[in-house]
Amino acid sequence: MKKIIFLAAAAIATLASCTKTVIEEQGPEIAFSVARYTTKAGTPEDYKDAHKTVPFGVYAWFKGVSASDNRDFMVNQKVSYTGDSDNRWATEGTTYYWPKSGSIDFIGYSPYTTPGATDAPFPTITETSFTYPAWDVAAHPDVDVMYADKAAGMTGATGTQKTYYYNGVPMLFHHALAKVNFQVKAAYTEVTDPDTGTKTKWDIEVESIKVNNILSSGSFSLNLNGSNTWDKPTDADGNYVWTADGTTTNLDLDLTGVANPLVAGDVYNLDSDVFVMPQTLAGGNQEVVLKVTITTYRDINDGNGYQEVLKETGVEIPANLAGGTMDAWEMNQNITYSFNFAPSYGTTTTDDTDGDGIPDIVPTVVYFDPAVDEWENITVNAGINV
């Protein structure tokens, strides 16, 4: 109520300086034009597409013609979608109107929450900074933590226009978390040696896939740079990551839909869109452990059919997630791991025969490196009595 009175007072002060008094209708309400940023498509997506029922919070500051008029305008104001009939994002509980003079700066975060609540992290927001407290991502797997660029200098003329998808103050949200997805495929299940004609095939049965030692809890801060966007926190290598507190979690990936044995050429999707805390992988203990049973068959009867020659049960194969070029899970990244499983020891090539973007693995044939140790010459001097 006090905010509405303040707006009315600002309007009266402006009219008093005119030679002719004109009674005007109340100005337009303050609404929001909301989007969420996605690096994959290169353009913002409608916030409503995935967050239609997720209100966000807004802080705003009025900047008057005189600096002495500056004051807080919105303090953790809840903003929600009003419905498909209205098709807009508006404040809940209090209606705000555009003042006649000055401008307003806005900062938003998502999802909306309040101090002490446990459903989402509650940030401390100033005109130049975001500070998020410790947050356990694994304990809240469905919470998409986001922050918006600062919308500065908004007026009734600029803040009621359409920048993204709605008429209103532009709110461009960025994901503060990272997101990971997992797939598994067989690099090969059958080979024929071109020299000997020997045929070998493998049945690969996946028993479990675990991702261990994921850092799950931490905090982060953002500071405003000169362009109303945010300088993100970095590690020593410049990766955009949170400050971890050492808490870890493990993922036991869902194997529903994975054929046993694996079919060569098929890609099996495991867990998808898993929110994780942005974190440094290089030098860390984050690893994936595949547990499989491998049965080897060989056509040892000159084309008369495969026979089982070896069965390896419960084989655990670990791999550090910092391998390759991925040395961190960074803020706003959507990362996909494809576990390309080779049933025998092999080497990775630069070829990609099936066009899936994953380098081929070629099995290594068993060869031998023979050598003969030198005879050890022993001279024995012995007296023999006859």
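This is a predicted model: local features need pLDDT of at least 70, side-chain atom pairs count only at pLDDT 80 or more; totals for chains, interfaces and linings use all residues.
Residues are numbered from 1 along each chain as its sequence is written, and side-chain values use heavy atoms, leaving out hydrogens and water.

**Overall make-up**
- The chain has 2 helices and 27 strands (DSSP runs numbered from the N terminus: H or I of at least four residues for helices, E of at least two for strands).
- Of the 386 residues, 39% are buried (under 20% relative accessible area with a 1.4 Å probe, counting protein chains only; exposed is over 50%, partly exposed in between).

**Nonpolar cores**
- A nonpolar core is a set of buried Ala, Val, Leu, Ile, Met, Phe, Trp, Tyr and Cys residues joined through side-chain atoms within 4.5 Å.
- The largest one holds 32 residues, and Phe182, Ile209, Leu270, Trp329, Tyr337 and Phe339 have the most contacts inside it (contact: heavy atoms within 4.5 Å).
- Strands β12 (178–186), β14 (199–215), β20 (274–276), β22 (287–298) and β25 (334–341) each give this core at least two residues, with the largest share, 6 residues, coming from β14.
- A second, separate core of 25 residues includes Phe62, Tyr81, Ala151 and Met154.

- Val309 lies in strand β23 (residues 307–320) and is partly exposed, with a relative accessible area of 35%.
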